[in-house]
Amino acid sequence: MDLLWILLCGLLLLLIASRRAVAYPEIHYRLAPGLSILYRKQPEILFDTPWRINAETPLPVVCLIKDAHLFPITVLGIDVWLNVPEGPHRQVAIHWTEKLPQEIDQPFWWCCGLIDPEEIPHGSVSLTCRMHYRRGRKEYQIITDNLPGLSHDPLRVFIADDPWPTFDGWHYGEIHCHSDKTMDQVEFGAPVAVLAKMADALGLDWVALTDHSYDLDVPPFDHFGLDPEHQRWRLLGQEIKQSDSRCIFIRGQEVSCGNKQNQNVHLLVYEHPEPIPGSGDGGKRGINLDNAPELTLRQVLEQVYPAVTFAAHPDSGGAWLERQLLNRGTWDDSERLLPDGLQIWNCYADSNFHKGLAKWQQSLLQGHKGSILAGSDAHGDFNRTRGVATPFVRLTESSTCFGRPRTCVFVEGQPERDGILKSLKQGCCVLTDGPLAVMTAVTDESTVHIGETLKSRHCQLHVRARSTTEFGPLEEMKLYHGICGQHETEHSFEVHDAYEFEVRYPIDIQASGYLRLEVSSRKAGKIHRCLTNPIWLENE
């Protein structure tokens, strides 16, 4: 019997261990005492800031404390020190939203402070955030976070001289991130109010909150169980309505559903009024090596129509253990055509990004009109990512974070939720982690924007691109003219390391196809890129 119990625990351990996460890490969940190297009799405590802000913008610093209902503490004080490359290390004045000292004994607590922009020089700075607290009779001091095995390095922030490059009518947003309604045995996100403060500081105009379907049906602050009232989903809607941020929030969900091989893939669904069942790969079914999806991809798309939908990271099926134990898979070529488009850029411009880009190009040449998006998939992670590399064993850090990369949409007039959703559905958007490039096709009768269709034999293509000192001068600018059923023709523009470029370029349209741009800039050896969705061409 003891051997059977050990084997069962081992299977469950492997199942949970397949749920790696790039998110705020949960360190208290364990199968049994002693089965976690990460476990501490302390709440998770961490500080976070945006990775960049515009000069003259107050810098928000947030402190998050999780699981203090299990391990109560008294916060005695918090101080923040500013470090600059050439200058003294000095403490900065900061006014917190909560009075200290304070006893903390709730499941999730946070407070935020703002640093006056006059206190902060332009360029790269770092913040050393320190907390002094008491648990029981013992006092502790932590810097940056108390997460085991991490660096606890200062939080690095870039104070930009200029806002993100833009043109009239274009608005930056985050299409894939998670709130604290994504909270389970491996990871958790940030409260809506914190997301609002960070989005405002970064310069984002809109944010889509896409919490996991396998978390939205669980009672608040539980790891398992079913909540028929869907309290997390309802709370998310209430908190979005109560937000006083200038940032527009879109309520979405990342739905786990089944591909043709009956494997779990993820679909982003925006502004559907009800949560969609999808717990196949959440690791919440106990010892269950089947983990079949609850609904197929086609069933979900039929259920949510006409909501805006995008394939989430379609070429990332996870690590080998995730594929084997959580039954995770990828999208095949025919399934990619079913939603409104594809989020090919998820966190990094890695091999999955390049694979997704190549497959998208192939589908364009076949005449399919799907669009592409970029998002961070951040769970909090405003300055850097701190997450679970191997559950119960090891945490990790990386540079990817909220708002990097991002999607920029074109909305005529004042941006509103419906206008943003319409632009996303139509593909009137570009992807970037730095410069911005846009184009319009101009004829005597009309001006056609990205995502729209030009029906003419001739046009003047108006191409514009901008960068800033934050991302370095423009380095390459390429126009791709695709002819359906044939190939793409590439035309390179000479940008001469400029920060701004504009040209009007005549185009003769001999066949149906599309036009799209790829632009890059370089700063300190790092390449930043921008990709547009197409202007579609129909030869009359």
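Modeller: Let us begin with two terms: a residue is buried when its relative accessible area is under 20%, exposed when it is over 50%, and partly exposed in between, using a 1.4 Å probe and protein chains only. Helices (H or I, at least four residues) and strands (E, at least two) are DSSP runs, numbered from the N terminus. Please keep in mind that this is a predicted model, in which local features need pLDDT of at least 70 and side-chain atom pairs count only at pLDDT 80 or more, while totals for chains, interfaces and linings use all residues. Residues are numbered from 1 along each chain as its sequence is written, and side-chain values use heavy atoms, with hydrogens and water left out.

Colleague: Which residues of helix 8 are buried?

Modeller: An α-helix has 3.6 residues a turn, so residues three or four places apart point the same way. In helix 8, which spans residues 417-426, the buried residues are Ile 420, Leu 421, Ser 423 and Leu 424. They cover an arc of only 160° around the axis (taken from the directions from the helix axis to the C-beta atoms), which puts them on the same side of helix 8. The face turned away from that buried side carries the exposed residues Asp 418 and Lys 422, and just after helix 8, Gly 427 takes a positive phi of about 85°.

Colleague: How should I read a strand, and which strands are joined to strand 33 by bridges?

Modeller: Two strands pair if DSSP finds at least two bridges between them. Strand 33 (residues 513-523) runs antiparallel to strand 30 (residues 474-483), with nine bridges joining them, and Met 477 stands opposite Val 519 of strand 33. Strand 33 also pairs in the antiparallel sense with strand 34 (residues 526-532) over six bridges, where Ser 520 stands opposite Arg 529, and with strand 35 (residues 535-538) over three bridges, where Tyr 514 has Trp 536 as its bridge partner. The hairpin of strand 33 and strand 34 has two residues between the strands, and in this hairpin Ala 524 takes a positive phi near 50°.

Colleague: Why is strand 33 described as largely enclosed by the rest of the structure?

Modeller: Strand 33 is largely enclosed because eight of its eleven residues are buried.

Colleague: What is the order of strands in the open sheet of four strands?

Modeller: The order is 2-4-9-7, with antiparallel pairing. Strand 2 (44-48) and strand 7 (95-96) stand at the edges with a single partner strand each, so one side of each is left without a neighbour in the sheet. Strand 4 (residues 59-66) and strand 9 (residues 108-115) run antiparallel and are joined by eight bridges, with Leu 59 opposite Ile 115.

Colleague: How many disulfides does the structure hold?

Modeller: A disulfide is a covalent bond between the sulfur atoms of two cysteines; here the test is a pair of cysteine sulfur atoms within 2.5 Å. The structure holds zero disulfides. For Cys 112, the nearest cysteine sulfur, that of Cys 111, is 7.7 Å away, and Cys 112 counts as buried at 3% relative accessibility. The sulfur of Cys 429 is 7.1 Å from the closest cysteine sulfur, in Cys 428, which is too far for a bond, and Cys 429 is buried, with a relative accessible area of 0%.
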